[in-house]
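Thanks for coming. Please have the viewer open.

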Amino acid sequence: MRWVYAFTEGNAQMRALLGGKGANLAEMTRAGLPVPPGFTITTEACRAFFQAGRRISDEVRQQIAAALKQLERDKEQVFGSAQQPLLVSVRSGSVTSMPGMMDTILNIGLNDDTVEGLAALTNNPRFAYDCYRRLIQMFGNVVMGIEPIHFERLLQRLKQQLGVQEDREVPADGWKRLIVDYKECIQAKAGRDFPQQVHEQLLLAVEAVFASWHNPRAEVYRRLNGIPDDQGTAVNVQSMVFGNRGDDCGTGVVFTRNPSTGENRLFGEYLINAQGEDVVSGARTPLAIAALRDQWPDIYRQLEQVCRQLEAHYKDMQDIEFTVENGKLYVLQTRSGKRNAQAALTIAVDLVREGTLDKQEALLRIEALHLDQLLHTRLDEDAATDVLAVGLPASPGAAAGIAALDADTAAAWSKEGKRVILVRPETTPEDIHGVLESEGVLTSRGGMTSHAAVVARGMGKPCVCGCEELHIDLEQRCIAVGNRTIAEGEWITLDGASGRVIAGEVPLKEAAMTDELRQMLQWADEVRTLQVFANADNPEDAQIARRFGAQGIGLCRTEHMFFAPERLAVMQRMIMADTPGERAEALKRLLPMQQADFAGMFAAMEGLPVAIRLLDPPLHEFLPKVGELQQKLQQAIGDTDKEALRRMIRKVHELHEANPMLGQRGCRLGIVFPEIYEMQIEAIFCAASDCMDKGIRVLPEIMIPLVGHVSELKALRELVDQTAERVLGAERKRACPYKVGTMIEVPRAALTAGQIAEYADFFSFGTNDLTQLTFGYSRDDAEGKFLTRYIDGKLLPHNPFQVLDTEGVGQLIELAASSGRSVRPSLKTGVCGEHGGDKESIAFCHRAGLDYVSCSPYRIPMAIIAAAQAAIQHQAERLVTAAHKDAS
Ligand code: PEP
Ligand code: MG
């Protein structure tokens, strides 16, 4: 078994075995770049190390020894020799970049003897002893587990005694004294000596770097970034070059383009007479890379050449570490540079224009998720320091405002011109006016598909929910977090992308739809097959969605149209009605309101389909909570008021259900109260007719929610057709190409989709409810309760309310789509649950052959890019499969 590869033996394709850094070092060596020689111990050796109970096998040891011998020959130096000492660095290198998460040790090979040799050889004792003390410090920390602070204190004490400020002012004798102190510290804390045997140093360092794969920060990073735990890290052993040997030495980091703006110009910094960690640690202020052009013009030119060569080779912006030793340039590492969302777009578009990438390669480079950053207001990160708590990142964007603890207060303050953040234990449809008037929403309960999350996402407002560290005290009108208290009316800032809740007002940066994004969306349109629709509930959102590239409305949740206070009052009257006559009266008043909304949406989406879902939530959601009503009753004075409140309490009790999510909602409501649906259908066709009169082309789609049995759809489809005929008349009805379809959100509907398709022109998978009902997890409770444990404990790979569960829920979707199409080949299919805005779920929809996804307006550009990426990847896989078939 081969466990160790020299840099001359590997290449970029061996990333899984050699890790990213090892594969890149090998690739650079092959390309003839000035890389100090070395070798890589594989990720397989790391896995074997853990399997053997954290022990390096004899075979791996032998291969390390042989690779070291070769390195000695290449460098004409000897490991452990005082005459020609070979020194090496030992660094981790995982398959997926995990910057700074694991450990590194430099200057291995120094001991009491070789340090003297190095001092004599370089004629620079100060340098040699500085290297040695750094080794002892890093080794003491990484291998022997001693906290860095102990070494730090000794160094500070020395500098005080010498009366100097900076490390570089410490003379050779100072370092010698510190080395004695460090060794004593190691003996005292670890109970053993710093090893003088250089081979022992090396093996212990390799073991420690392997072991750092499981240090807590690496584990957290992997969990956040979805990196598998069993991947393991490779270890790179590389001969040292020194940037701290004198004034013709230095070290630095350079990006081939600017990682914040994408500008095509070298970006980075360097330090003269320093080692790598000095640049990172911030102990000395580095110089901008542009200064190198004047200081060392030759080196700068070589560096430019290296940057061009590496960028062309990897077809991507690179982040390169370099060292200059006695006037000679060495490249220590290259990797794809991290960049922000705007820079990523600019770089990808520029690389296409420069002829380095083709359009499809450029599309695959875009991290669809990061586009969220770009399309929302964001925080000025430098100012976002006083983090109070972290909740679920439910709707991206950032907002600052004064905390208001109920919707009425929020709305009232906003009307006074104040910027407000609505802070509630959870929100209900009753709070919608408060949400509407707020800059953002913060809740202490509820998950990613809770009411607050869904509504805020739809409105493009930032939302942090399920922030359980907050205790919202509605009596004392304050929020308690740990030992701090924020009174109602004090400023807070939300970052909906990270879930952070920050004290005070943090400055914000505005969102923008840039030329580069437009260009990228155009390229995406050329390859994607999946259409992208918007979930929008009003004409304004429909307009935003269209600007972002929506091809229609996939879901208009009509209940959201009843939440403005004046409409809610009429809605409540309709619910409270004791007689059909009273109900009809209230419905008559609601009709023109709905009609105006629909007409606005048709106009905004002229020529594109608009899917309007008939009322879905249970009626009690439109009434206040019993507790609030009782409180009002206690305060009420007039008899009429009291009686009205008592009646409402009775009604709320009447409508009460133990499991409202499984109760009288969706089409069940429409079957029991057909007059409600009839009013909505009438409003849709009146609006369509108005638009047609104005020459606006309308494509209404009427969507029936929560169907579980074909008879429900059959009955309600008849209601639609009859109402259309009544409102439009036979002739006009023919001129209005409307569709009737159903949400598929109940497993039974998916299982009997063949029957249902007989009455449906389209299926819209409501994956929020379909997930809830397939798993049997309440979408309002699960995320705040057991689901986090499930995800942390890896019982589930993802939160199924965010990333579609392709194995279970996905199976139902595939089954329903195919059996539906076998009955009705023209059946249009798509997803309109929250998954419609999730990259992985979008890829599933593409593969399952669905026609569209529908998501909130602000996610549309991201969904368009994700749809294109899915198409490109799927096509590439099909080509590979076809080639395999041909070959066999
Ligand atoms: C769904 O269930 O996926 C859906 C879109 O409907 P709602 O979230 O309104 O229940
Ligand atoms: Mg639903």
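Before the counts, one term: a polar contact here is a pair of N or O atoms within 3.5 Å, where, within protein, one must be able to donate a hydrogen and the other to accept it. Residues adjacent in sequence count only if both atoms are side-chain atoms. By that rule, six residue pairs are in polar contact across the interface of domain 1 and domain 2, with both residues at pLDDT 80 or more. The pLDDT is there because this is a predicted model.

Now the layout. The protein is divided into domain 1 (4-240), domain 2 (241-339), domain 3 (376-509), domain 4 (526-621 + 664-779 + 808-878) and domain 5 (622-656). I will stay with the first two on that list.

Taken over C-alpha atoms, the centres of domain 1 and domain 2 are 21 Å apart. Domain 1 puts 29 residues into the contact, and domain 2 puts in 24 residues. How much area is buried between domain 1 and domain 2? About 2300 Å², with carbon and sulfur atoms giving 54% of it. On the domain 1 side, Pro34, Phe127 and Arg134 lose the most area to domain 2, and together they make up 23% of what that side buries.

Next, charges. The rule finds one salt bridge across this interface. Glu321 forms a salt bridge with Arg91, and their closest N and O atoms are 3.9 Å apart.

Which elements give two or more residues to the side of domain 1 that touches domain 2? They are α1 (15-30), β4 (104-108), α5 (125-142) and β5 (233-239). By class, that side has 15 nonpolar, seven polar and seven charged residues.

Asp103 is in the loop between β3 (88-94) and β4, and Arg217 is in helix α9 (residues 216-225), so the pair ties together parts 114 residues apart in sequence.

Last, the rings. The count comes to 17 aromatic pairs. Phe49 and Phe210 form a tilted one, 5.3 Å centre to centre, with 40° between the planes. Phe49 lies in helix α2 (residues 43-51) and Phe210 in helix α8 (residues 198-211), so this pair ties together parts 161 residues apart in sequence.

Technical notes:
Residues numbered from 1 in each chain as written. Chains lettered and ligands numbered in written order. Predicted model: local features only at pLDDT ≥ 70, side-chain atom pairs only at ≥ 80, totals over all residues. Heavy atoms only, no water. Domains from an automatic or database assignment. Contact = heavy atoms within 4.5 Å. Buried area = accessible area lost by both parts, 1.4 Å probe. Salt bridge = Lys/Arg side-chain N within 4 Å of Asp/Glu carboxyl O. Helix = DSSP H or I, 4+ residues; strand = E, 2+ residues; numbered from the N terminus. Nonpolar A, V, L, I, M, F, W, Y, C, P; charged D, E, K, R; others polar. Phe/Tyr/Trp six-rings, centres within 6.5 Å; stacked < 30°, edge-to-face > 60°.
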